[in-house]
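Please read the notes below alongside the model.

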Number of protein chains: 2
Amino acid sequence: MNKQTKKLTLDDIGALAGVSRATVSRVINDYPHITPEVRERVQKVIVETGYKPNKIAQSLASNRSGIIGLVIPHAVQTILTNPYFLHLINGITQTTNACGLNLSLFLFHSMNEEVQMARSLFYTNLIDGLIITADRKENPFVKQVIQHDIPFVFVGRPQIKVPISYVNVANVMGAYLAAEHLINLGRRRLAIIMCDHNTAGDDRYKGFRQALDDYHIEIDPQRIVRGDFSLESGYVAMQQLFPTVPDAVFAASDMMALGAQRAIRQAGLIIPDDIALVGFDDLPQSALAEPPLTTIRQPIEDLGIEAVNLLNEMLCQKIGLPRQIILPVELVLRAS
Amino acid sequence: MNKQTKKLTLDDIGALAGVSRATVSRVINDYPHITPEVRERVQKVIVETGYKPNKIAQSLASNRSGIIGLVIPHAVQTILTNPYFLHLINGITQTTNACGLNLSLFLFHSMNEEVQMARSLFYTNLIDGLIITADRKENPFVKQVIQHDIPFVFVGRPQIKVPISYVNVANVMGAYLAAEHLINLGRRRLAIIMCDHNTAGDDRYKGFRQALDDYHIEIDPQRIVRGDFSLESGYVAMQQLFPTVPDAVFAASDMMALGAQRAIRQAGLIIPDDIALVGFDDLPQSALAEPPLTTIRQPIEDLGIEAVNLLNEMLCQKIGLPRQIILPVELVLRAS
DNA sequence: TGGTTAATTGAGAGCGCTTTCAAAATATTG
DNA sequence: CAATATTTTGAAAGCGCTCTCAATTAACCA
């Protein structure tokens with residue numbers, strides 16, 4: 001409130017309120033056993049002086065920094081054009097702000113940096129817990145983190161056998177919905193642009209196949225092609241698909257769907273008349289595409305929210321066993 | 001290296017190396033006057049034990065946390081689909097990683113949150129310095145931060161009279177280049193989709209006008225319309241422009257240019273034959289647009305890099321007076 | 001070789017907070 | 001009302017590090 005000439009300390013506040021430093025600490029931390037009259041007096045001084053406790057000192061004494069780290073491994077480069085992270089960060093910060101946590105960002109630009117910085121993450125006591133984006137299947141960071149006793153939550157399902165905590169979206173179900181939608185449209189020459197770099201890609205492929213099985217539809221192996229979630233890869237993948245004359249394509253990501261869309265348009269074909277197209281993600285640009293892209297919406301911000309909440313519970317010891325949270329997805333019908 | 005059963009402290013290392021805690025601290029912090037033999041012995045122990053100093057304790061003792069904050073005021077919501085921030089963050093983390101700083105993210109979701117959290121930013125000793133994105137002209141955070149003695153650097157030019165440190169791109173020059181390009185193309189019925197919500201918009205408008213003046217070209221006031229940097233606003237703005245029959249449009253942001261592009265296409269006009277279009281930003285999607293968008297490229301990552309470097313210098317007291325860094329932009333010729 | 005000066009090291013006092021432990025104050029009971 | 005149980009408070013010991021200051025040791029010169 002008032003401009004402070006000098007940094008105030010607990011002792012200063014105590015002196016002003018006529019109590020000991022310990023008592024001030026207690027009212028700040030909402031301890032139960034304090035005379036209401038004393039509590040009030042101390043609080044008055046705190047407000048009047050505009051005192052704010054030194055977080056670093058609090059951290060040292062309590063062995064808890066209140067800082068959690070968001071780790072984005074070095075695959076970022078490929079992902080830099082993807083608003084996914086902005087939404088995730090948005091959800092995360094919303095929640096950290098609400099529960100008084102601080103968010104520190106760990107973005108690695110090389111394998112080397114990843115290894116280097118990991119050590120300082122685990123050992124320096126700066127960070128209470130970690131939210132880690134499970135981008136690739138082969139993520140060395142995954143192995144590192146589970147060997148230490150720092151609490152962590154993955155966003156996305158990592159590729160490991162041991163049970164750990166993560167939040168994820170219903171990828172299998174989403175892909176199932178996509179395929180089912182195409183089938184219900186009467187299409188029978190289904191194709192998929194998949195991606196096997198990450199578990200999300202695997203799960204989406206699985207859901208797609210499941211739907212085909214359930215509806216007793218065969219898929220020509222030629223109609224299964226691969227991309228890497230990028231627009232360019234979707235474009236290229238679609239080229240490979242043309243000779244197989246598909247009448248419906250499911251792309252495991254919106255970016256790939258957008259790439260495919262471009263290839264289809266350039267081939268002089270009409271969406272959805274000649275080829276129906278379904279993506280996965282529901283990025284903002286998908287709604288703006290021409291024609292607007294039918295896709296599977298995943299609640300990215302909720303992913304962030306749930307991740308922080310889960311981690312926070314772990315930090316407060318409220319939770320013992322690893323827990324998995326799967327968020328629902330939905331089919332967004334548009335013109336493709 | 002080895003799995004630590006218990007957290008090691010400076011004293012432990014000292015005991016193992018047969019020196020005092022102070023000496024260990026000195027070798028960790030690269031102090032000059034230490035016998036090579038002692039330094040080596042201590043370093044050996046550090047490596048063998050895998051000791052990492054407790055950053056919180058270091059911070060408390062040195063009154064320096066090594067954490068800098070990136071503040072993104074609450075206008076973000078409108079900007080969340082904009083990869084600008086991803087690039088900025090990329091540049092920033094690249095540099096913080098390199099110079100051993102930690103990056104903490106402060107993303108506000110409401111005016112209220114902004115005010116609330118500002119206090120804890122300034123007073124809790126957690127953060128050494130701030131990088132602030134100057135999004136809007138009326139940013140209350142700006143006033144708050146300059147009233148405190150926390151070091152800060154703005155990204156983008158804030159709207160205030162007092163001299164402060166910031167990094168920015170040559171907006172005026174960029175817009176000048178854009179207009180000049182259109183003029184050199186032989187166009188004379190120039191129009192602009194501007195934005196007066198932020199200083200970047202102001203500066204770009206200024207550069208545009210400057211070019212018109214220099215080339216003695218009149219502009220019909222009807223051909224000056226406003227948007228808010230979003231695709232939708234560019235689309236709407238372009239509609240307003242059609243009656244004035246422009247043969248060239250400069251949009252103050254790529255997103256608006258993309259919106260305008262859509263409007264032009266839907267009006268059945270050809271880019272660039274009927275209307276030439278130039279944007280500003282060089283977003284990834286601009287290169288992928290159809291036709292690919294001619295635009296002004298701004299080095300967003302460099303903005304982040306320079307911001308961190310500047311702030312770091314301020315933190316190390318290497319710098320006294322506020323400094324401004326203006327990064328160059330370039331015209332990217334594409335098909336529009 | 002004794003006397004100076006400079007380089008190297010250790011002791012110890014904090015940094016501002018939390019938290020235990022015991023003392024003081026208050027409430028409860030027979 | 002004395003004796004006991006219960007709250008409320010303060011003293012003080014850390015948390016793990018930095019950094020000053022003084023002591024020790026090595027280096028230098030006449």
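1. How far does a polar side-chain atom of Thr35(B) lie from a sugar or linking oxygen of DNA strand C? The distance is 2.6 Å, a polar contact (a pair of N or O atoms within 3.5 Å). This is a predicted model, in which local features need pLDDT of at least 70, side-chain atom pairs count only at pLDDT 80 or more, and totals for chains, interfaces and linings use all residues. Residues are numbered from 1 along each chain as its sequence is written, chains are lettered from A and ligands numbered from 1 in the order in which they are written, and side-chain values use heavy atoms, with hydrogens and water left out.

2. Chain A also touches DNA strand C through side-chain N or O atoms: that of Ser25(A) is 2.5 Å from a phosphate oxygen, and that of Arg21(A) is 3.2 Å from a base oxygen.

3. Around DNA strand C there are 27 residues, counted as near if one heavy atom lies within 4 Å of the strand. Among those that come nearest are Leu10(A), Tyr51(A) and Arg26(B).

4. In helix H12(A), eleven of the 13 residues are buried (under 20% relative accessible area, 1.4 Å probe, protein chains only). Gly268(A), with a positive phi near 80°, follows H12(A).

Technical notes. Buried < 20%, exposed > 50% of the residue type's maximum accessible area, 1.4 Å probe, protein only. Helix = DSSP H or I, 4+ residues; strand = E, 2+ residues; numbered from the N terminus. Polar contact = N/O pair within 3.5 Å; in protein donor to acceptor, adjacent residues only side chain to side chain.
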